[in-house]
Amino acid sequence: MASGKKQQEPELHGGVLSGNGSPALWGTLIGLIVFAFVAVPISAAVRFATHPATQQLFGGRLSDATQGGYVAFWWIVAIFLLALPFLVGWGVAKLSGKTLAIIAAVVGLFFIITLVMGQLFVF
């Protein structure tokens, strides 16, 4: 080498759990953990959405709701629960004020949509 500078090779580290883990890998790991926690509620919400006969299980006002509103309500809940691990993983990977504001806005929007749909169609 003419310049005389020594070329340094990048050091390899153990991965996510090592001291210098990649933010994307941390986001993926946290997203998988969140998915493990919401897997059963996702399954239940999809089951309620695809089998409208389950409407009778709830009794009261929920059994009197329109079938279309009941199905739409459970699909919205299932979509939100499915998006939650991706949203949390992305938030952990970025971890900035702007990212936290976006996450709060998305969660708030889904919460408001679920409440409005619940009031219009279910209750």
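The protein chain holds five helices and zero strands, where helices (H or I, at least four residues) and strands (E, at least two) are DSSP runs, numbered from the N terminus. Read from the N terminus on, the elements run α-α-α-α-α. Please keep in mind that this is a predicted model, in which local features need pLDDT of at least 70 and side-chain atom pairs count only at pLDDT 80 or more, while totals for chains, interfaces and linings use all residues. Residues are numbered from 1 along each chain as its sequence is written, and side-chain values use heavy atoms, with hydrogens and water left out.

Let us begin with the chain as a whole. Of its 123 residues, 26% are buried; buried means under 20% relative accessible area, exposed means over 50%, and partly exposed is in between (1.4 Å probe, protein chains only). The accessible surface of the protein chain comes to about 8,500 Å², and 71% of that belongs to carbon and sulfur atoms. Such areas come from the Shrake-Rupley method with a 1.4 Å probe, and for residues only the protein chains shown count as cover. Contacts tell another part of the story, a contact being heavy atoms within 4.5 Å. Among contacts between residues at least 6 apart in sequence, 58% join residues at least 24 apart.

Now follow helix H1, which covers residues 23-50 and has a kink of about 50° at Val38, shortly before the proline Pro41. The bend at a residue is the angle between axes fitted to the seven residues ending there and the seven starting there.

In an unreviewed entry, UniProt lists residues 24-49, 70-93 and 99-122 under "transmembrane region"; the positions are given in the numbering used here, feature names are shortened, and annotations may be inferred rather than shown by experiment. In the model, residues 24-49 are 100% helix and 0% strand, with the end C-alpha atoms 33 Å apart. Residues 70-93 are likewise 100% helix and 0% strand, and there the end C-alpha atoms are 35 Å apart.

Helix H4 is the place of Phe86. Is Phe86 buried or exposed? Phe86 counts as exposed because its relative accessibility is 64%. Phe86 and Leu32 are 54 residues apart in sequence, yet 8.7 Å apart in space, C-alpha to C-alpha.

The walk ends at helix H5, made of residues 97-122. Thr99 lies in this helix and counts as buried because its relative accessibility is 5%. Leaving aside neighbours within four places in sequence, Thr99 is in contact with Trp90, Gly91 and Lys94. Further along H5 is Phe110, which is partly exposed, with a relative accessible area of 23%. The C-alpha atoms of Phe110 and Ile79 are separated by 9.5 Å, although the two residues are 31 apart along the chain. Gly118, another residue of H5, is buried at 3% relative accessibility. Its C-alpha atom is 9.6 Å from that of Trp74, 44 residues away along the chain.

Phe111, Ile112, Leu115, Val116 and Leu120 make a nonpolar surface patch of about 510 Å². Patches are made of residues with over 30% relative accessible area and no salt bridge, with like charges joined within 9 Å and nonpolar side chains (Val, Leu, Ile, Met, Phe, Trp, Tyr) within 5 Å; a salt bridge is a side-chain nitrogen of Lys or Arg within 4 Å of a carboxyl oxygen of Asp or Glu. Leu115, which lies in H5, is partly exposed, with a relative accessible area of 45%.
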